[in-house]
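User: Got a structure here I'd like to talk through. Can you take my questions as they come?

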Amino acid sequence: MAATRPGSGATSELAASVGLTDDDLIGMYRVIATARAVDERMWVLNRAGRIPFVISGQGHEGAQAAIAWPLERKKDWIAPFYRSIATCLAFGMQARDILTAQYAKAIDLSSGGRQMPGHYGNVANNLVSLSSPVATQMLHAVGIALAAKIRKTGQVAMTSMGEGSSNQGDVHEGLNFAAIHKLPFILCVENNGYAISVPVERQLATPNVADRASGYGIPGVIVDGADVLGCYTAAKEAVDRARRGDGPTLIEAKVIRLTAHSSDDQQTKYRSAEELAGLTANDPLPRFRAQLKEAGVLTDELESQIAAEVKKDIDEATDFAENAADPDPSTAMQWVFAEQWPGETPPAWGFGGSHGTEGHEGDKSAAEGAVD
Ligand SMILES: Cc1ncc(C[n+]2csc(CCOP(=O)(O)OP(=O)(O)O)c2C)c(N)n1
Ligand SMILES: [Mg+2]
């Protein structure tokens, strides 16, 4: 079967079956492949002592790219979580942005090197900076959805988290509120079967997180996280429903966690060799690749071309991040507290940086006095 060329605007039967073009399918594939490659690079850099900590999205990428796809970049909002590499790439971040954050460089978009690695955020791409306490992003995203409804902007807000995090009280409060007020909101639970070492049976008394949706009077949809187009279809329906004003949807994507919880975890302590070996059958990357080849959307030649481009991108991003400047230590306290508010007294340690105490000479003695 002849493959369609990128940029041709062609629509294969497979793409048409979900209302997309071949460029969309290749675009999704590229995001998934890039997310996997940058993730694998992070582990190498961690084990080589170059970056301190990795929390991985491997196994989640298919669901993440597909579920972010129907949301509109720079219009809608996503409050991601620490495994959301593919979500963030699908929403406009680049491999370079992921790696500069891992290296905690001054240019890091997420926080200028201040947050833990994996704490994605990028205001230019409507990605909300995340907090370490799990599920706090729920209230941020519901709040954004409320603002969108009040302002009648037509925006949709989505947040994602793991199944363990979905047991936090914030999730109940957020879903209940969003359902009552029919907010344009989507909760995506990426259920990988573990909360660190705790298996799902010890986290939930029901088989599915999505079963809870009926308690809020909203749709609860379960999707196979390795079925990229199934995830896309569920997300498209949820986005359409939200934009129509019909309220929120809970999507539960059954995904796999291909790595340990983080670079500080040893998963062989609680997962058997058989379990780990069996995971590859549900790996979204080879499954989507095979599906695209079968449909004639991807040829061997195009696959090699994309692989070479992704490798070049990751190599350049690594070199860029290695060579980028560290944050100036004198700026460590910048953006922690509100700065340069008229009449504000700086904390005892100053505001930090060039636009800290210098701009507030008059306040300096007051700050010193505060130490006493
Ligand atoms: C409120 C809170 N409790 C505990 C933790 C420690 N912690 C970090 S990740 C994690 C597991 C979360 O599991 P899950 O939501 O299933 O996400 P996964 O890591 O499996 O993707 C825990 C307990 C935390 N960060 N915040
Ligand atoms: Mg989990």
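User: Is asparagine 126 buried or exposed?
Analyst: With 20 C-beta neighbours inside 10 Å, asparagine 126 counts as buried. The cut-offs: a residue is buried if 20 or more other C-beta atoms lie within 10 Å of its own, exposed if 12 or fewer, and partly exposed in between, with C-beta atoms placed from the backbone. Bear in mind that this is a predicted model, where local features need pLDDT of at least 70 and side-chain atom pairs count only at pLDDT 80 or more, while totals for chains, interfaces and linings use all residues. Residues are numbered from 1 along each chain as its sequence is written, and chains are lettered from A and ligands numbered from 1 in the order in which they are written.

User: Where does asparagine 126 lie, and what is its phi near?
Analyst: Asparagine 126 lies in the loop between helix H5 (95–102) and H6. Its phi is near 55 degrees, a positive value in a residue other than glycine. Helices here are DSSP runs of H or I with at least four residues, strands are E runs with at least two, and the numbering starts at the N terminus.

User: OK, and H3 itself, how many of its residues are buried?
Analyst: 8 of its 8 residues, so H3 is mostly covered. The buried ones are Glu61, Gly62, Ala63, Gln64, Ala65, Ala66, Ile67 and Ala68.

User: Which residues touch the most other members of the largest nonpolar core?
Analyst: Ile32, Ala66, Ala141, Cys231, Ala235 and Ile251, in a core of 96 residues. The largest share of this core, 11 residues, comes from helix H2 (residues 22–47). A nonpolar core means a set of buried Ala, Val, Leu, Ile, Met, Phe, Trp, Tyr and Cys residues joined through C-beta atoms within 7 Å. As background, nonpolar side chains tend to be buried together in soluble globular proteins.

User: What does alanine 235 touch?
Analyst: Ala66, Ile67, Trp69, Pro70 and Ile251, not counting residues up to four places away in sequence. A contact needs the C-beta atoms of two residues, placed from the backbone, to lie within 7 Å.

User: Switching to H2. At what angle do H2 and H11 pack?
Analyst: About 155 degrees, with the axes of H2 and helix H11 (residues 284–294) 10 Å apart. That makes H2 roughly antiparallel to H11. Axes are lines fitted to C-alpha atoms, for helices over the stretch in contact, and angles run from 0 to 180 degrees between N-to-C directions. Under 35 degrees counts as roughly parallel, over 145 as roughly antiparallel, 65 to 115 as roughly perpendicular and the rest as oblique.

User: Which residues make that contact?
Analyst: Leu25, Tyr29, Ile32, Ala33 and Arg36 of H2, plus Pro284, Leu285, Phe288, Arg289 and Leu292 of H11. By class, there are 8 nonpolar, no polar and 2 charged residues. Ala, Val, Leu, Ile, Met, Phe, Trp, Tyr, Cys and Pro count as nonpolar, Asp, Glu, Lys and Arg as charged, and the others, Gly among them, as polar.

User: And threonine 34, what does it touch?
Analyst: Threonine 34 lies in helix H2 and touches Leu89, Ala95, Val310 and Asp313, leaving out residues up to four places away in sequence. Threonine 34 is buried, with 26 other C-beta atoms within 10 Å. Threonine 34 and valine 310 are 276 residues apart in sequence but 5.8 Å apart in space, C-alpha to C-alpha.

User: How about H6 and H7, at what angle do they pack?
Analyst: Helix H6 (residues 136–151) and helix H7 (residues 169–180) pack at about 15 degrees, with axes 8 Å apart. They are therefore roughly parallel to each other. Thr136, Met138, Leu139, Val142 and Ala145 in H6 meet Asp170, Val171, Gly174, Phe177 and Ala178 in H7. Those residues divide into 7 nonpolar, 2 polar and 1 charged.

User: Last one: what share of the chain is buried?
Analyst: Of the 372 residues of the chain, 44% count as buried. The secondary structure comes to 13 helices and 7 strands.
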